[in-house]
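Good morning, and thank you for letting me take a few minutes of the meeting. Please have the sequence and the model open while I talk.

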Amino acid sequence: RIMAGKVKWVTDIEKSVLINNFEKRGWIQVAENEDWNFYWMSVQTIRNVFSVETGYRLSDDQIINHFPNHYELTRKDLMVKNIKRYRKELEKEGSPLAEKDENGKYIYLDFVPVTFMLPADYNLFVEEFRKNPSSTWIMKPCGKAQGKGIFLINKLSQIKKWSRDSKTSSFVSQSSKEAYVISLYINNPLLIGGKKFDLRLYVLVSTYRPLRCYMYKLGFCRFCTVKYTPSTSELDNMFVHLTNVAIQKHGDDYNHIHGGKWTVSNLRLYLESTRGKEVTNKLFDEIHWIIVQSLKAVAPVMNNDKHCFECYGYDIIIDDKLKPWLIEVNASPSLTSSTANDRILKYNLINDTLNIAVPNGEIPDCKWNKSPPKEVLGNYEVLYDEEMAQSDGPDRDLRSRSGQSTGVKGNRARDSGKPVLTTWK
């Protein structure tokens, strides 16, 4: 039930079955012959496969679409915890990537809003809140998706219901209260047409050690249906603040034709025409930098099982100063389609992902070097290849991050024969 099938056998009808039923079952059969099948598995099924109690053992021709402990990146609290640990480790090593400014903020690694875990960090949160009592914070349950359980607060009294004793501001035990993260709300988002939006970007990881990841070029923006206002009177209006389609589709102003979505290429054209090409290129380089650093942060703790690959859904918000912020990473980005363009995009996403996971439509082999030829990448492009990066020298990350020209071995540099100016590789 967990073998990978030949990509060329995946017909449009079979893809339709996958997309329409992915969220209804633990796994969906995509293609089959008399010998072997491909199944796309849910995160719950993955836990069973890798559970010691089940006693499953995967053979060399079986590959699956999640890493065993993907939650180190995809749970909101664990993602922040691992990024904080990564920063401290770089500081201890004396890495220039961990450099701070005069205010103690990271110059290169400040890409996650200030975040605390509740109930564990409640007192730390209160201390931070009192430094800027006019700030707005967003609370999210650690283990939920699609905007469920999210709310905004701007007063300590609004979360007193989470406190067992308001005098000591101590919370009830973790076991009896669901864990939340509370993050400083980005209250100055970049607006287009007066509306807030975020980016959904797809990133495929074929291996964590060495890290090799691919960026999908066909991501999209998700817009709110109601114009944005920082007014505290609208904190409860999720149609203003949350871009999740699962929420916005219930709004009176939701458009079922375009689904409140823009392609990333349209966003780039808009920004180039309003802000300039150089600034736009810098923004997207910084987004790529954020993604690579988040993957590096979890790579040491990720169970890099040779049978696994994973396609993540990254959610990025851009503020009005064109600074990108990493909001969260999704282990199972929705493959259901809300529009015709959505359907085409996700067809291509599935097809291109499988072409990298199972090159040439051959019988899978988990022992292959996971470095597919360029012609099978489709709409993917190599985002980071650790082996190539190491061959360029240990200071490459900093030279590139600060905007100095560095020759990149691979994709664009190899094609043109010229150094590539980048700020993330």
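I will go through some backbone features and then turn to the cysteines.

Please keep in mind that what you see is a predicted model. As background, most peptide bonds are trans, and most residues other than glycine have a negative phi. With that in mind, let us look at the places that depart from this pattern.

Which residues are joined by the cis peptide bond with omega of about 15 degrees? They are Leu 118 and Pro 119, and if you follow the chain you will find Pro 119 in the loop that runs between β3 (115-118) and α5 (122-131). Another cis peptide bond leads from Arg 209 to Pro 210, where omega is near 0 degrees, and Pro 210 again sits in a loop, this one between β10 (195-208) and β11 (211-216).

Now please move along to Leu 322, which is not a glycine and yet has a positive phi of about 60 degrees. Leu 322 is found in the loop between β14 (310-318) and β15 (324-330). Is this residue buried or exposed? Leu 322 counts as buried, because its relative accessibility is 7% and the cut-off for buried is under 20%.

Finally, the cysteines. A disulfide is a covalent bond between the sulfur atoms of two cysteines, and when we ask for pairs of cysteine sulfur atoms within 2.5 Å, the count comes to zero disulfides.

Terms used: Residues numbered from 1 in each chain as written. Predicted model: local features only at pLDDT ≥ 70, side-chain atom pairs only at ≥ 80, totals over all residues. Heavy atoms only, no water. Helix = DSSP H or I, 4+ residues; strand = E, 2+ residues; numbered from the N terminus. Buried < 20%, exposed > 50% of the residue type's maximum accessible area, 1.4 Å probe, protein only.
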